[in-house]
Amino acid sequence: MEPLGLVVHGKAEPFSAALRSLVNNPRYSDVRFVVGQEQQEVFAHRCLLACRCNFFQRLLGTEPGPGVPSPVVLSTVPTEAFLAVLEFLYTNSVKLHRHSVLEVLTAAVEYGLEELRELCLQFVVKVLDVELVCEALQAAVTFGLGPLQERCVAFIEAHSQEALRSQGFLELSAAALLPLLRSDKLCVDEAELVRAARSWARVGAVEQIVEAWKCHALRRGDEARGAPCRRRRGTLPREHHRFLDLSFK
């Protein structure tokens, strides 16, 4: 009886380095992408992308015709994020950066790369700060990433004043703002929260804040009646009622 075979492994580092050298390398490339708003040309290898990612398998499923094939246009993904995706597909590792990790996360979600998505989520949690947290909250709400949303809300609760004054807070959607309005643990009084919401409304659309406050009032049932607010002591200051009157009509 023939003895069972044994799988042995060579060194992983040279293998990974060799594959990394092919990222965006025109040598032996058989597919070109035009990426991002800057329309950056990126080179790749069809068989590797197709075997590593179902999205690219579908995208590149048809054989190219004779002559020089037309590039594949991916205008919504930034070049840096797309190159990070390629690095992961080629080497199963990726170097992430705080300034671009949410863009890589977005690409990972769109391309169905669950392992890369988890790596991005772990990295976001490690580098979460006041400047990043609202943008991360928006991504969590957009893509239904419950654990990340909980971490972001908890961080904002612990750093409420700084977070509510950040540029990222002003850029939140109404759906991302709502979990903050529902929180009982924000370290600000009601008046300061309303001021932050009014600043948010001036940057975005007024109807968004009306809807967000309406949902909050319907859930609580006390702001509309002027009853003591269960989220904090006292009532919403009377001078702010004019701002919220539309949501109670």
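The model is a predicted one, in which local features need pLDDT of at least 70 and side-chain atom pairs count only at pLDDT 80 or more, while totals for chains, interfaces and linings use all residues. Residues are numbered from 1 along each chain as its sequence is written, and side-chain values use heavy atoms, with hydrogens and water left out.

I then searched the whole structure for aromatic pairs and recorded six. Rings of Phe, Tyr and Trp (its six-membered ring) pair if their centres lie within 6.5 Å; planes under 30 degrees apart count as stacked, over 60 as edge-to-face and the rest as tilted. The rings of F55 and Y111 are stacked, because their centres are 4.5 Å apart and their planes stand at 25 degrees. F55 belongs to helix 3 (residues 54-59) and Y111 to the loop between helix 5 and helix 6, so this pair ties together parts 56 residues apart in sequence. Helices (H or I, at least four residues) and strands (E, at least two) are DSSP runs, numbered from the N terminus. I noted F55 as partly exposed, at 21% relative accessibility.

The second pair I examined is F56 with F82: the centres lie 6.3 Å apart and the planes at 65 degrees, so the pair is edge-to-face. It links distant parts of the chain, with F56 in helix 3 and F82 in helix 4, 26 residues apart. F56 is buried, at a relative accessible area of 0%, and F82 is buried at 0% relative accessibility. I recorded F33, F55, F56, F82 and Y111 as one aromatic cluster.

Entry 2, a charge over a ring. I found R52 over the face of F88, 5.3 Å from the ring centre. The criterion is NZ of Lys or CZ of Arg within 6 Å of the ring centre and within 35 degrees of the ring normal.

In what order do the strands of the open sheet run? The order of its three strands is 2-1-3, with mixed pairing; two strands pair if DSSP finds at least two bridges between them. Strand 2 (40-44) and strand 3 (72-74) are the edge strands, each pairing on one side only. I recorded an average twist of 30 degrees from one strand to the next. Strand 1 and strand 2 are antiparallel over five bridges, and F33 has V42 in strand 2 as its bridge partner. Helix 4 packs on the sheet and touches strand 1, strand 2 and strand 3, with its direction at about 5 degrees to that of strand 2. Contact means heavy atoms within 4.5 Å; axes are lines fitted to C-alpha atoms, for helices over the stretch in contact, and angles run from 0 to 180 degrees between N-to-C directions.

I listed V101, L102, V104, L105, A107 and A108 as buried in helix 5. Their cover includes helix 4, helix 6 (114-127) and helix 7 (130-143). Just after helix 5, G112 takes a positive phi of about 70 degrees.

Most residues other than glycine have a negative phi. I found Y28 with phi near 65 degrees, in the loop between helix 1 (12-20) and strand 1 (31-35). Y28 is exposed, at 61% relative accessibility. N92 has a positive phi of about 60 degrees.

Terms used. Buried means under 20% relative accessible area, exposed over 50%, partly exposed in between (1.4 Å probe, protein chains only).
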